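Here are a few notes to go with your first look at this one. Have the viewer open as you read.

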Amino acid sequence: MRRRWPLLLLLCLLLTGCSTAASGGRLIPAAEGAGTYSGALHPFLAGYGIEEVEDSLYAEVSRGNTAACFDVQAIPAMARGIGRYWYPHVSATVVLAVDRTRTDAVITGWNSLRESGAPVGVSTTSIIRNMLVMGALAYGLDRKEPAKQDALEFLEYLYQHGGFEIEGSDAPVLLCLDYEAAAWNRQGGAYEIIVPEEGTLSYRLGLLSEVPLTLEPGLDEALLAAGLPLSSGERPEGFPEEYGSARTLGEKDYDWFLEVAGDSSRDLRRQVFHTRLYTTADLREHILSALLITAAILLWKGTVSHRMVRRDIRLVVDLLGWLMVGWLLLRLFKYQLAPDGLPSRMCWYGYYLFQLALPVALLYLATILDRAEGERTLVRPLWPPLVCYVLSVLLVLTNDVHQLVFRFAPEGNWASDYRYGPGYWIIMAGFLLFLAAAVWKLFRKGRRSASRRGRVVSLLFCAGLVVYLAAYVKRVPLAWESDFTVNICILSALFFEATLHARLVPVNLQYQRLFASAPISLTLLDESGRTVLASRGVRPVSHSVWKRLRMDMEQPLLRDSNTQFHAVPIHGGMAVWQEDLSQLNRLRREIQDVQVRLEAANALLREEGEVKKRLLTAETKRRLFEQLDRDMERRVASLARLIKTLPSADHPRGLTAYITLCLCHIKRSCNLFFLARQGEPLQGEELSVYLDELAELARYAGLQMLIRCGQSGALEIRRAALCYDFGFETISWALREEASPLMGYLEPEGDRLVFRFLPGRDPGQWHFSEELLSAVARQGGQILCKDLDDAVGIYMTLPLGGEVYG
């Protein structure tokens with residue numbers, strides 16, 4: 001695949017001149033281990049405050065924040081349009097940190113780890129850290145063609161023989177970054193820092209931003225004082241002297257790095273530790289599985305609701321479906337938060353809002369099956385489960401206060417290192433009690449069902465739900481490493497679907513098929529005016545129409561000019577059919593259609609006129625910009641040649657000032673070009689500012705000069721542009737000939753405008769561009785050299801005529 005990031009990077013650099021440095025913002029240490037770097041950098045980034053990451057790296061940068069991250073994160077992000085500026089400062093090399101107080105094994109590189117037998121660990125479970133280590137290991141094992149599979153097989157061998165673990169900070173050999181190992185030694189550690197002789201990778205840690213950044217001087221010294229090696233190669237004390245086997249990633253290396261290091265967390269779990277074989281293994285799979293199951297449950301809920309005849313049962317089924325969907329969406333939202341923060345823990349507690357509501361809703365469904373729809377005596381027998389549900393949820397949500405449900409250290413890894421308290425067992429006992437009561441009611445009321453196989457399948461799913469829940473609580477590996485939320489929702493949906501097929505919950509599709517094929521627009525309404533069954537395509541009967549029909553069913557009711565209602569009473573409600581009167585109004589509608597078509601034709605003609613007007617406007621703009629391109633082509637080409645000669649110039653400062661002078665001239669010429677097209681005059685004071693700006697830049701280039709403008713009031717824009725171009729070309733000649741000092745004076749004399757220059761030396765063969773000479777001649781002016789007593793002056797005259805404003 002052709003890489004796009006170099007092109008995007010070039011575009012960002014070209015646009016730098018049109019951007020301004022941000023003054024104020026947020027500095028986000030997005031990469032793990034960037035805290036020390038951000039702390040050392042912060043005093044040199046004025047107006048920025050360090051804040052904890054709240055979202056992904058890409059989301060933070062897209063919001064305008066500045067993120068501290070590695071180059072393997074920044075460069076691919078910029079290639080995809082996220083972030084425009086990348087400032088690398090720190091070098092981070094993957095090394096082997098050997099604790100010599102715990103092992104004396106001879107370790108020189110990756111392959112020596114096979115023979116040493118010493119346990120090896122990575123000090124964190126961070127995704128980016130796994131990618132950094134995986135990329136360095138793959139490169140070290142095969143420099144020419146790094147392969148992910150080679151690295152995975154190497155780690156699998158260590159895991160099976162010498163021992164390898166993630167988050168193994170207690171291992172005698174750690175795979176880490178060189179500045180981390182150096183920091184451990186400064187804190188009293190005895191780690192030998194080894195750069196693998198087979199090869200490793202050096203990454204760059206820096207800032208990714210949407211806006212250009214301005215850093216105060218002295219940053220390199222501050223980073224070295226903080227114990228961080230610079231991206232230029234300079235390192236503080238405590239680092240290895242030889243880094244010859246380390247390779248810094250170049251522009252062409254990021255593609256193979258992402259191919260090798262991508263999905264590292266998933267591959268480590270499945271191919272190295274042989275876990276998560278039958279469930280999701282990383283964040284992407286977690287999110288995709290949740291979205292897939294959510295869509296499946298919504299589809300299933302729609303099909304179940306379509307099969308229900310009773311409205312109250314449909315509402316309960318919808319509630320069950322939305323409880324599962326809400327649980328999955330809350331789980332999906334939790335994965336977007338920082339895993340060790342309070343919001344993530346509150347989302348974990350929020351799971352029980354949905355989990356504990358499922359058996360209560362199922363119990364309510366089992367209770368209303370043998371009662372008439374709308375009977376309100378069900379409130380009393382259901383208040384104990386509702387009270388228990390509310391108390392259980394409150395007990396879980398306030399767990400941080402009492403820790404009766406879950407017991408853990410809030411400052412530790414509470415997401416996995418927690419124990420169940422007595423409150424949890426009480427809640428689960430109530431949960432299972434309500435589930436057992438609901439299942440008992442369903443089977444007792446459906447004991448006459450002829451589908452015995454369906455009842456057995458329902459019991460199997462229910463038993464599987466209970467067994468899975470018990471295995472998860474006991475942390476059986478197969479259950480503990482699976483996705484609890486997804487599996488509970490799947491088993492619950494399968495259990496309920498089995499109850500439908502076993503006819504434990506009444507469904508009847510025959511009435512719906514009958515009404516779907518009925519040739520008349522028939523609707524059955526209950527005693528409250530709610531629709532029970534309706535023919536396909538029939539218009540719904542509103543509550544107001546139902547009231548009017550109930551008052552007098554003998555007389556038909558005219559709903560509108562095309563529909564007439566007829567009603568007859570039936571048991572439990574009424575039957576309503578709708579008579580179509582549209583044929584009687586066919587001729588009127590045809591006339592109206594012709595009128596509508598004529599109006600549409602008129603609107604089309606108006607739209608055509610508008611389109612032509614817009615096209616003409618666009619063509620005028622195109623011609624305008626083409627003319628501007630032609631006027632600027634020679635100046636831009638000359639500027640490009642000057643920029644190319646800048647690196648080899650003898651006096652780069654003067655050439656830089658002249659380039660700046662040319663840029664100023666191009667900018668002001670563009671401004672005068674557009675003012676000329678608008679037909680607006682230019683005030684003499686503003687022209688004086690433009691000329692003073694050229695003089696100021698010329699002084700930076702080494703030319704001593706002064707320009708005075710005696711023109712007051714408004715000046716015709718074309719004459720003002722000629723004066724400005726004349727001043728620029730004169731200054732350019734004076735810079736080339738070193739004709740310093742240079743005096744200039746612009747003033748009106750009678751009916752002419754005169755612009756004089758007196759250089760500090762004989763101009764010799766004075767030369768102006770053909771474009772300027774032609775433009776002056778077209779305006780009726782001329783450019784002349786005039787011999788004075790002891791010098792030669794040059795001046796331009798232009799007729800003022802009747803075009804002077806003000």
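1. A quick definition before we start: two strands pair if DSSP finds at least two bridges between them. With that in hand, look at S3 and strand S9 (residues 200-209), which are joined by four bridges and run antiparallel. Across that pairing, Phe70 stands opposite Leu205 in S9. Bear in mind throughout that this is a predicted model.

2. S3 has another partner too: strand S1 (residues 25-28) runs parallel to S3, with two bridges joining them. Here Leu27 is the residue opposite Thr66 in S3.

3. So is S3 buried or exposed? Five of the five residues of S3 (residues 66-70) are buried, so the strand is largely enclosed by the rest of the structure. In a regular strand, side chains alternate between the two faces of the sheet. For S3 both faces are covered, with Thr66, Ala68 and Phe70 buried on one side and Ala67 and Cys69 buried on the other.

4. Now for the rings: there are 14 aromatic pairs in the structure. One of them is Tyr349 with Phe406, stacked because the ring centres are 6.4 Å apart and the planes sit at 5°. That pair ties together distant parts of the chain, 57 residues apart, with Tyr349 in helix H14 (residues 342-355) and Phe406 in strand S11 (residues 406-407). Tyr349 is buried at 1% relative accessible area, and Phe406 is buried at 1% as well.

5. Tyr349 and Phe406 belong to one aromatic cluster with Tyr352, Tyr420, Tyr424 and Trp425.

6. Finally, two charges over rings: Arg235 has its charged end over the ring of Tyr243, 3.5 Å from the centre, while Arg114 lies over the face of Tyr157, at 5.2 Å from the ring centre.

Terms used:
Residues are numbered from 1 along each chain as its sequence is written. This is a predicted model: local features need pLDDT of at least 70, side-chain atom pairs count only at pLDDT 80 or more; totals for chains, interfaces and linings use all residues. Side-chain values use heavy atoms; hydrogens and water are left out. Buried means under 20% relative accessible area, exposed over 50%, partly exposed in between (1.4 Å probe, protein chains only). Rings of Phe, Tyr and Trp (its six-membered ring) pair if their centres lie within 6.5 Å; planes under 30 degrees apart count as stacked, over 60 as edge-to-face and the rest as tilted. A charge sits over a ring if NZ of Lys or CZ of Arg is within 6 Å of the ring centre and within 35 degrees of the ring normal.
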